[in-house]
2 protein chains.
Amino acid sequence: MKKLIDAPSEVLADALKGVAAAHPELAVDLAARVVARATPKPGKVALISGGGSGHEPLHSGFVGPGMLDAACAGEVFTSPTPDQMLAAAQTVSTGAGALFIVKNYTGDVLNFEMAAELADAEGIAVKTVLVADDVAVEDSTWTAGRRGVGTTVLVEKIAGAAAEEGADLDAVHAVATRVSENGRSMGVALTSATLPSVGKPSFDLPEDEIEMGVGIHGEPGRTRAPLASASEIAETLVSAILADHDFTGAPVIAMLSGLGGTPLIELYLMYGAVASLLEQRGITVARVLVGDYITSLDMAGCSLTLLRADDEMLRLWDAPVSTAALRWGV
Amino acid sequence: MKKLIDAPSEVLADALKGVAAAHPELAVDLAARVVARATPKPGKVALISGGGSGHEPLHSGFVGPGMLDAACAGEVFTSPTPDQMLAAAQTVSTGAGALFIVKNYTGDVLNFEMAAELADAEGIAVKTVLVADDVAVEDSTWTAGRRGVGTTVLVEKIAGAAAEEGADLDAVHAVATRVSENGRSMGVALTSATLPSVGKPSFDLPEDEIEMGVGIHGEPGRTRAPLASASEIAETLVSAILADHDFTGAPVIAMLSGLGGTPLIELYLMYGAVASLLEQRGITVARVLVGDYITSLDMAGCSLTLLRADDEMLRLWDAPVSTAALRWGV
């Protein structure tokens, strides 16, 4: 295993120290493993997410004005605990309630549910939006139902903008739910990720094969397929997503995210192939992100996320955001 | 070779199609392989850079208001041609002259020199700033003198801000030169990159070794060293850079860039180690970038760049910028 790390057991703690050093605008609680805005905004609905680490910039890279108020970092590929989520809620809630943004993995769902009960007992009103957007498989290694992946980024941005401009908890929850319901994703792995604590690839992927529909923890996808061209892979991803939801007749937000080990030149190439297919099928892409947004450690590959947006979502998408990984308008 | 590509010979052309599809605010000339602002700003000094591809987001990801006016993309790890540079100058020059920002590699230097002569013959005044900031080695595979690496990003941002606010060619050249002279970098490779046209790693790096001071094309560095911890690598990089230039008593801009195959969690961890060492040595870091800014295809590893800044450079650093890879204030 070749990684820029010290002790494998301390990767999360050490990475959070780096986040703290690089971002004085964030309050990094190294004990609770919560990354929060240094200055909570009074009267605003608090947006809180979190999950296993190893998917950076998700979620800590999306904390800041216009997006999340706090992110709870679990160990690599492991849900954070209810205590962390409660600590986050206590830190950033200012009386207007909190929205938990939860990716659909059994551990995350249970822990955020427990945290919501704990927060409620402390007088913090909590609503939850669940993201389950991965069209690859219906149930998976760590999920009942679909896995939650790239649409999470879009929920965090759009609901974050709504909260920032003063929408109340019901309204923020409503728009978050609308984004969650209208986003679909699918990914492909060219290589396995290697967990620091394990020291070898999580699964075996021969030099001439890829995993179509891989999960962000290396969960099996739809098929183990022969190595294919970018255009062929784009065709598979686009077809699977379009077969699952109607993206015609509405503005679409597209995100092509690297999985951590794939360079930007390949991601742009891949997006070119995706854009061409979408155009052929009459889909209007209104906004685009290409880069690393939801990753799986050092896995090579990418995921495609499409959101069937509407004018309100586009307006909130364009609203100012100032986080480590997404920044515009401020 | 596992990459998200179609024909290996068409990687650059296909990637540029993706850039065009993702960024309607850019004018991508697929024939000349020039990425330019769609709308040049009249009366502004034109900033033009370029180099071999494979280092994305450098340079095309830095085209936009507040940074470059145009970037010339060579084939992977190959200098663009004088014709491309001339085409770029003709496209974005509006009468106030052009600054060429050139990384110190023999091919780039010769081609930009020839392009400057061609531009001059067309009535476009050109000045050039050369970046040669890599402290690892004095001469290298493709250089006389030091290689030009990460400081290039800082030159493009700071000189870009000066040009945007109306500084003339002499003034833009002067601040670009000051940045170039006060920036230092060094990198480390954990793995080799694989060129699409070659299909196998450029050099052999055993599982228990790293290349300290590697170049962004895989050029040999200072030493082939045993695999080391992030803290040990940080110590080597920081010591080499601080031994080469005085970074005390001035605000420092730090950039920790991934080389393309290293995930963000490791980059933040690495930055934490760097920040701790800089603090111990009395260096004041005023601004920080952590992420992929100058890469080497899918190489795993990172590079550290430090700039001894001054108040003027900081002011220009903070000025609005709106490019694919750096965006704030707008």
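Me: Buried means under 20% relative accessible area, exposed means over 50% and partly exposed is in between, with a 1.4 Å probe and protein chains only; which of these is B:Glu211?

Reply: B:Glu211 counts as buried, because its relative accessibility is 6%. This is a predicted model, where local features need pLDDT of at least 70, side-chain atom pairs count only at pLDDT 80 or more, and totals for chains, interfaces and linings use all residues, while side-chain values use heavy atoms, with hydrogens and water left out. Residues are numbered from 1 along each chain as its sequence is written, and chains are lettered from A and ligands numbered from 1 in the order in which they are written.

Me: OK, and what do the side chains of B:Glu211 and B:Arg224 form?

Reply: They meet in a salt bridge (a side-chain nitrogen of Lys or Arg within 4 Å of a carboxyl oxygen of Asp or Glu), and the N to O distance here is 2.6 Å. The two residues sit 13 residues apart, B:Arg224 in strand S9 (residues 223-226) and B:Glu211 in strand S8 (residues 209-212) of chain B. Strands (E, at least two residues) and helices (H or I, at least four) are DSSP runs, numbered from the N terminus. B:Arg224 is partly exposed, with a relative accessible area of 38%.

Me: What about A:Arg224 and A:Glu211, how do their side chains meet?

Reply: In chain A, these two side chains also meet in a salt bridge, at 2.6 Å from N to O. A:Arg224 lies in strand S9 (residues 223-226) and A:Glu211 in strand S8 (residues 209-212) of chain A, so the pair ties together parts 13 residues apart in sequence. A:Arg224 counts as partly exposed at 39% relative accessibility, whereas A:Glu211, at 5%, counts as buried.

Me: And which residue does B:Lys44 pair with?

Reply: B:Lys44 forms a salt bridge with B:Asp69, and their closest N and O atoms are 2.5 Å apart. B:Lys44 is in the loop between strands S2 (34-37) and S3 (46-53) of chain B, and B:Asp69, 25 residues apart from it, is in the loop between S3 and strand S4 (70-76). Both B:Lys44 and B:Asp69 are buried.

Me: Which residues are linked in a network in chain A?

Reply: Salt bridges link A:Arg37, A:Lys41, A:Lys44, A:Asp69 and A:Glu164 in a network. Over all chains, a search of the whole structure finds 42 salt bridges.

Me: Switching topic, where does B:Gly282 lie?

Reply: B:Gly282 lies in the loop between helix H7 (264-280) and strand S11 (284-291) of chain B, and at 45% relative accessibility B:Gly282 counts as partly exposed.
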